[in-house]
Amino acid sequence: MAISPRSDATFSSQKSTPSESPRTKKFPVTEEEIFYMNCRAAYLTVFKSSLENIISKDQLYLALQHAGRNPSQKTINKYWTPQTAKLNFDDFCIILRKEKPTSKAELLKSFKQLDVNDDGCILHTDLYKFLTKRGEKMTREEVNAIINLTDVNADGKFDYIKFCKLYMTTNEQCLKTTLEKLEVDSKMRRHQFGNYIEGSPERDPSPVPKPSPKIIRKTDQETFSNKGDTRSSLLSATRKFKTSVSFTITMGANGNQNSKLTEPNLIKDWQYMQSKGCFFLEEDGEIISHQYRMQITQRSMVYLTIKPLNLSQVEGKPSPWLSVDTALYILKENESQANLQLVCFTELRNREVFGWTGELGPGIYWLIPSTTGCRLRKKIKPVTDEAQLVYRDETGKLFLTKEFKSTLSDIFEVIDLDGNGLLSLEEYNFFELRTSGEKCDEDAWAVCRENFDTKRNELTRQGFMDLNLMEANDREGDPCDLWVTLHSMGYNKALELTEACPFVIDIYAEKCKPKIKAVHMEACSGQLEKAICKSVLSNGDAKVMDGYENIIVHTYSCDTWITSVIENKSDEKVIIHINNELSKNCVNNRGLNVFAVEVGPKSTMVCQHVMPLNEQQEWIYYCIYSLIS
């Protein structure tokens with residue numbers, strides 16, 4: 001299946017480049033257009049349209065924050081005078097031209113004036129006096145919020161070097177979040193309205209902003225920045241972080257502790273069903289997989305397991321993806337597919353097998369596979385040597401290479417979901433949807449059966465090989481289409497399976513014959529995201545943001561991984577800054593130690609999954625969550 005590439009914007013400090021398209025190749029993006037795009041992204045984070053006006057100081061402050069600025073009250077007052085009723089988007093652009101982002105060097109200089117010992121720290125007593133007694137005064141509560149920021153305070157001292165690093169990272173993440181949102185919105189509009197691309201380089205260059213009559217006018221020689229006012233820089237920076245909470249969890253080495261999952265007694269007498277499937281890593285890092293419906297006809301004890309599928313034929317050399325974590329969420333269908341109730345998930349583990357044992361009543365259940373993404377992720381190392389897929393003999397006849405045949409045999413093993421050694425039309429169509437985006441209808445399947453080896457109207461392994469050889473012959477030996485198939489199935493140019501993880505689900509029921517059927521291949525989000533959030537909220541530890549009782553961080557830990565969920569009960573969206581830099585022997589699914597997430601009003605979201613880099617060693621999860629907006 002051809003995958004539509006999704007290009008993420010590239011961010012470097014305050015400059016960002018829009019995702020590449022045919023238009024951007026023809027018309028190089030100018031600095032002016034980048035500036036305009038950044039302005040618009042920040043504005044649309046606060047407002048639904050760039051035609052809306054800023055009608056309050058608070059809105060102006062928030063929009064400037066999303067643009068990576070941290071204005072003091074003095075700066076806000078310069079642009080919002082007693083005569084100001086509103087500011088438009090063009091006014092906002094003018095302000096951003098004049099209010100340059102605070103640099104790290106300027107911020108460090110501001111703090112250094114209070115560093116009496118020249119050790120990179122400021123005593124809390126000195127910080128308190130400075131912030132509450134001089135210049136633009138802060139309240140006791142605001143200062144306490146700064147002192148309570150766990151990752152930059154210790155032993156009665158404020159570590160301003162760490163704070164500056166945190167501050168600069170947060171600014172970049174704020175800008176990244178706003179640009180990503182603008183990119184998603186733009187893609188949705190292109191999808192809905194055809195080829196119209198808003199703000200494309202074919203239009204005239206970014207319009208010269210026309211300020212509204214009531215904005216303060218200054219000459220180009222005058223400056224609105226507070227670079228000379230170090231106190232204002234300090235105040236605006238310290239007000240960036242409103243509050244924070246931290247979690248510390250020390251986990252033992254897992255190597256010899258994964259024996260909690262045990263098979264029920266007399267399981268050999270239970271009735272059994274199996275199905276295979278696969279996790280696929282998309283171009284944008286999203287993971288998709290098969291999803292299943294399971295039928296239980298009467299109340300019964302059930303034993304469910306999921307594990308990576310080992311395709312290696314070499315003894316003592318297992319498939320490399322066996323280290324990928326797998327889980328299965330079981331949801332009960334009530335009245336309709338839209339009304340699913342979380343029952344449980346495969347929490348217990350024995351080596352690479354994750355499982356659950358319990359009683360299920362009669363009914364339809366959805367089985368949704370999940371992997372954290374900590375170990376199934378994009379590989380950075382490029383492959384230089386491309387494997388040969390086909391060759392011609394001395395007569396010119398085309399053949400598949402031995403290596404390619406072995407790979408096709410493995411693919412056949414993965415897509416043969418019921419494991420009967422044959423491909424049904426339904427099984428083949430999952431493969432077709434994945435590799436070409438289209439289904440094979442009954443007529444095409446009849447032609448397939450006439451031309452290739454089949455048994456009981458299902459395609460054999462040899463028939464599958466011959467089908468791929470026919471495709472190579474149709475292209476006169478050009479392997480281009482074959483490589484599309486291989487890449488879609490997770491293989492690289494060396495025929496290594498690096499961006500997929502096949503798995504197998506085993507179901508045992510004591511009193512009835514369970515039935516399982518693959519029904520979808522979808523992104524591991526939607527129902528799965530809801531199920532994970534509900535599970536973590538029910539079973540995890542919760543910490544409320546100090547002073548913001550509507551913002552709650554939930555953390556769930558098991559022997560294998562840690563998952564955090566952020567719950568926002570407020571009526572406003574919030575931005576949470578996450579810092580994992582003090583964690584030890586850990587890897588998370590986002591691939592970043594420091595990042596920020598936006599949580600919508602009245603919603604929950606999975607923030608991150610964390611696993612040990614080396615399971616044979618102790619790992620320490622130390623994460624700080626800071627509310628910045």
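A residue counts as buried under 20% relative accessible area, as exposed over 50%, and as partly exposed in between. In this predicted model, Arg-475 has a relative accessibility of 36% and is therefore partly exposed. Its salt-bridge partner is Asp-481, at 3.4 Å from N to O, and Asp-481 is partly exposed as well, at 26%.

Helix 14 covers residues 461-474. Its 14 residues span 20 Å from the first C-alpha to the last, close to the 20 Å expected at 1.5 Å a residue. Gly-463, Phe-464, Met-465, Leu-467, Asn-468 and Ala-472 are the buried residues of helix 14. These buried residues pack against several elements, among them helix 11 (402-415), helix 12 (425-435) and helix 15 (480-488). Strand 15 (390-392), strand 16 (398-400) and strand 18 (458-459) are also packed against. Just after helix 14, Glu-476 has a positive phi of about 55 degrees.

The whole structure holds 19 salt bridges, including the following.

| Pair | Closest N and O atoms |
|---|---|
| Glu-413 and Arg-461 | 3.0 Å |
| Lys-602 and Asp-571 | 3.5 Å |

Glu-413 forms a salt bridge with Arg-461. The pair links helix 11, which holds Glu-413, to helix 14, which holds Arg-461, across 48 residues. Glu-413 is partly exposed at 27%, and Arg-461 is partly exposed at 29%. Lys-276 joins Glu-413 and Arg-461 in a network of salt bridges.

Lys-602 forms a salt bridge with Asp-571. Lys-602 lies in the loop between strand 26 (594-599) and strand 27 (603-612), and Asp-571 in the loop between strand 23 (562-568) and strand 24 (574-579), so the pair ties together parts 31 residues apart in sequence. Both Lys-602 and Asp-571 are exposed.

Notes
Residues are numbered from 1 along each chain as its sequence is written. This is a predicted model: local features need pLDDT of at least 70, side-chain atom pairs count only at pLDDT 80 or more; totals for chains, interfaces and linings use all residues. Side-chain values use heavy atoms; hydrogens and water are left out. Helices (H or I, at least four residues) and strands (E, at least two) are DSSP runs, numbered from the N terminus. The expected span of a helix is 1.5 Å times one less than its number of residues. Buried means under 20% relative accessible area, exposed over 50%, partly exposed in between (1.4 Å probe, protein chains only). Contact means heavy atoms within 4.5 Å. A salt bridge is a side-chain nitrogen of Lys or Arg within 4 Å of a carboxyl oxygen of Asp or Glu.
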